[in-house]
Amino acid sequence: MTIFEMIAARYSISAEHLRGERRHQKIADIRMIGYWCYRELTELSFPQIGRVFNRDHSTVLHGCKRVDKLIRDGQPVGIEAQQTLHIIENHYHNQIELEL
């Protein structure tokens, strides 16, 4: 399962909504969490992450900076981002252990 698929599944949202044009706050927050998780877990550039989400690199950059600030400020979306990252990291750690 990819990072993108894990984010979609965690928040019960379709890939179309994650990649779509809707700007509803809840969906926008989930997208930002997705950008940030990709940035934390991969070496993909902002343009590469943008292609995953059908977004411009500047949107991804702004989203990642916003999540970093929300984490520093202890805001709910920042806490949610950290929890999501932890879940994804555990998933991949367990996958690696299963392959050994």
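Helices (H or I, at least four residues) and strands (E, at least two) are DSSP runs, numbered from the N terminus. The model is predicted, so local features need pLDDT of at least 70 and side-chain atom pairs count only at pLDDT 80 or more, while totals for chains, interfaces and linings use all residues. Residues are numbered from 1 along each chain as its sequence is written, and side-chain values use heavy atoms, with hydrogens and water left out.

Ser12 lies in the loop between H1 and helix H2 (15-19). Its phi is near 50 degrees, a positive value in a residue other than glycine. Most residues other than glycine have a negative phi. Ser12 counts as exposed at 70% relative accessibility, where buried means under 20% relative accessible area, exposed over 50%, and partly exposed in between (1.4 Å probe, protein chains only). Asn54, in the loop between H4 and H5, also has a positive phi, near 60 degrees. With a relative accessible area of 49%, Asn54 is partly exposed.

Helix H4 (residues 46-53) and helix H5 (residues 57-72) meet at an angle of about 100 degrees, their axes 8 Å apart. Axes are lines fitted to C-alpha atoms, for helices over the stretch in contact, and angles run from 0 to 180 degrees between N-to-C directions. H4 and H5 are therefore roughly perpendicular, a term for angles of 65 to 115 degrees. Phe46, Pro47, Ile49 and Gly50 of H4 make the contact with His57, Val60, Leu61 and Cys64 of H5; contact means heavy atoms within 4.5 Å.

The largest nonpolar core has 27 residues. Such a core is a set of buried Ala, Val, Leu, Ile, Met, Phe, Trp, Tyr and Cys residues joined through side-chain atoms within 4.5 Å. The members touching the most others are Ile7, Ile13, Leu18, Tyr35, Cys37, Tyr38 and Phe53. Two or more residues come from each of helix H1 (3-10), helix H3 (25-41), H4, H5 and helix H6 (76-99), and H3 gives the most, with 8. Leaving aside neighbours within four places in sequence, Ile7 is in contact with Ile13, Leu18, Ile30, Gly34, Cys37, Thr84 and Ile88.

Cys37 is buried, with a relative accessible area of 0%, and Cys64 is buried at 5%. Which cysteine sulfur is nearest to that of Cys37? It is that of Cys64, 9.3 Å away, too far for a bond. A disulfide is a pair of cysteine sulfur atoms within 2.5 Å, and the count comes to 0 disulfides.

Notes: Angles under 35 degrees count as roughly parallel, over 145 as roughly antiparallel, 65 to 115 as roughly perpendicular and the rest as oblique.
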